[in-house]
Amino acid sequence: FVFFFFNDTATTEIYTRSIVGSVRCVQETGYQRRVHGISFMITMKAESSPTEIKGGFNPYMDNGGTVVAIAGVNFCLVAGDTRCSQGYTLLSRSTSKITQLTKTASIASSGMRSDISKFHKTLLVRIKDYEFKLHKEPSLDALAHLISKELYQRRFFPYYSFNLLAGLDSKGVGCVYGYDAIGSFDKLMYGALGSGGQLAVPVLDNQLHGHNHVIEKPCESLEQGKNFLKDIMNSVAERDIYTGDQLEIAIVTKEGTIEEYHPLRADQYRNCIYFCLLYTSPSPRDLSTSRMPSSA
């Protein structure tokens with residue numbers, strides 16, 4: 001590593017053979033030199049010794065899972081699985097990715113579980129403060145801008161959280177807002193994020209966006225939307241190992257928000273019987289030698 005300590009405006013050049021190579025002018029470890037008023041110290045190994053490269057600190061991890069939201073004519077559906085994983089380790093089978101923010105708005109997030117939990121709690125505090133000052137719930141548009149600002153103010157060390165805001169606007173029409181990690185957002189008819197998002201988006205494009213339809217129409221039937229979400233999430237769970245266990249669906253209508261749970265692929269061997277054969281006597285095929293352990 002090369003540490004420069006500038007004492008004036010003079011400059012010097014140090015030529016290196018490669019990114020991890022050694023400095024040509026000095027090969028000794030700990031050698032300190034002053035050139036044109038610039039004091040620099042070189043603490044690299046000699047040319048004959050390879051330089052070690054170590055991985056840096058990474059504060060983030062992806063705990064997997066998939067979230068999907070669909071906007072309807074007078075309702076909105078947001079769904080997510082309940083699996084929480086780290087690599088090939090299953091941490092939880094009952095972790096919710098959906099938080100109800102107001103009577104007619106919910107948020108679903110995928111990414112790092114600790115960041116998601118912190119972000120959702122921060123939003124609930126901001127909403128409580130809004131209600132205390134203005135004596136009313138924030139509208140869906142106000143929530144959309146609040147989430148964007150909360151994410152953007154952490155842009156230099158962002159939440160590892162990818163969010164879908166779903167709810168009803170001031171006219172009672174379903175809306176979905178999709179966000180990246182630093183607060184950029186867009187108003188959508190549907191959205192899918194998470195480890196299985198790329199598997200769900202093509203189906204949503206085909207059925208809802210209208211590439212193969214003459215007229216684009218939002219989802220009109222609540223039951224049709226629920227069955228559609230079940231089919232999508234079950235299909236994703238067949239391919240994505242980080243999606244599974246249970247499907248949580250939040251149904252947002254003008255009367256309020258209702259949550260439903262449906263089973264997904266659980267990766268469990270159910271109704272299976274395992275047999276264990278223990279040799280405690282000589283085999284009938286070999287009467288001269290016992291197969292019992294000597295300690296038995």
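A residue is termed buried when its relative accessible area is under 20%, exposed when over 50%, and partly exposed in between (1.4 Å probe, protein chains only). By that criterion, Cys76 counts as buried, at 0% relative accessibility. The model is predicted: local features need pLDDT of at least 70, side-chain atom pairs count only at pLDDT 80 or more, and totals for chains, interfaces and linings use all residues. Residues are numbered from 1 along each chain as its sequence is written, and side-chain values use heavy atoms, with hydrogens and water left out.

**Overall architecture**

- The protein chain comprises four helices and 15 strands; these are DSSP runs numbered from the N terminus (helices: H or I, at least four residues; strands: E, at least two).
- Of the 296 residues in the protein chain, 39% are buried.
- Contact denotes heavy atoms within 4.5 Å. Among contacts between residues at least 6 apart in sequence, 59% join residues at least 24 apart.
- The accessible surface of the protein chain is about 18,300 Å², and carbon and sulfur atoms account for 55% of that area. Accessible areas come from the Shrake-Rupley method with a 1.4 Å probe; for residues, only the protein chains shown count as cover.

**Cysteines**

- The structure contains zero disulfides, a disulfide being a pair of cysteine sulfur atoms within 2.5 Å.
- Cys76 takes part in no disulfide, and the nearest cysteine sulfur, that of Cys175, is 7.4 Å away.
- For Cys175, the closest cysteine sulfur is that of Cys76, and the separation of 7.4 Å is too far for a bond.
- Cys175 is also buried, at 4% relative accessibility.

**Helix H3**

- Helix H3 covers residues 197–209 and spans only 16 Å between its end C-alpha atoms, whereas a straight helix of 13 residues would span 18 Å at 1.5 Å a residue. The expected span is 1.5 Å times one less than the number of residues.
- H3 has a kink of about 25°, centred on Val203. The bend at a residue is the angle between axes fitted to the seven residues ending there and the seven starting there.
- Gly197, Ala200, Leu204 and Leu208 are buried in H3. In an α-helix there are 3.6 residues a turn, so residues three or four places apart point the same way.
- The buried residues of H3 pack against strand E4 (66–71), strand E13 (190–194) and helix H4 (222–239).

**Positive phi in residues other than glycine**

- His135, in the loop between helix H1 (113–134) and helix H2 (140–152), has a positive phi of about 60°. His135 is exposed, with a relative accessible area of 70%.
- Asp245, in the loop between H4 and strand E14 (246–253), has a positive phi near 75°. Asp245 is buried, with a relative accessible area of 7%.

- Beyond neighbours within four places in sequence, the contacts of Ser106 include Val78, Ile98, Leu164, Ala250 and Thr257.
- The side chains of Thr95 and Ser92 form a polar contact of 2.9 Å. A polar contact is a pair of N or O atoms within 3.5 Å; within protein, one must be able to donate a hydrogen and the other to accept it, and residues adjacent in sequence count only if both atoms are side-chain atoms.
- Leaving aside neighbours within four places in sequence, Thr95 contacts Asp81, Thr82, Arg83, Cys84 and Arg113.
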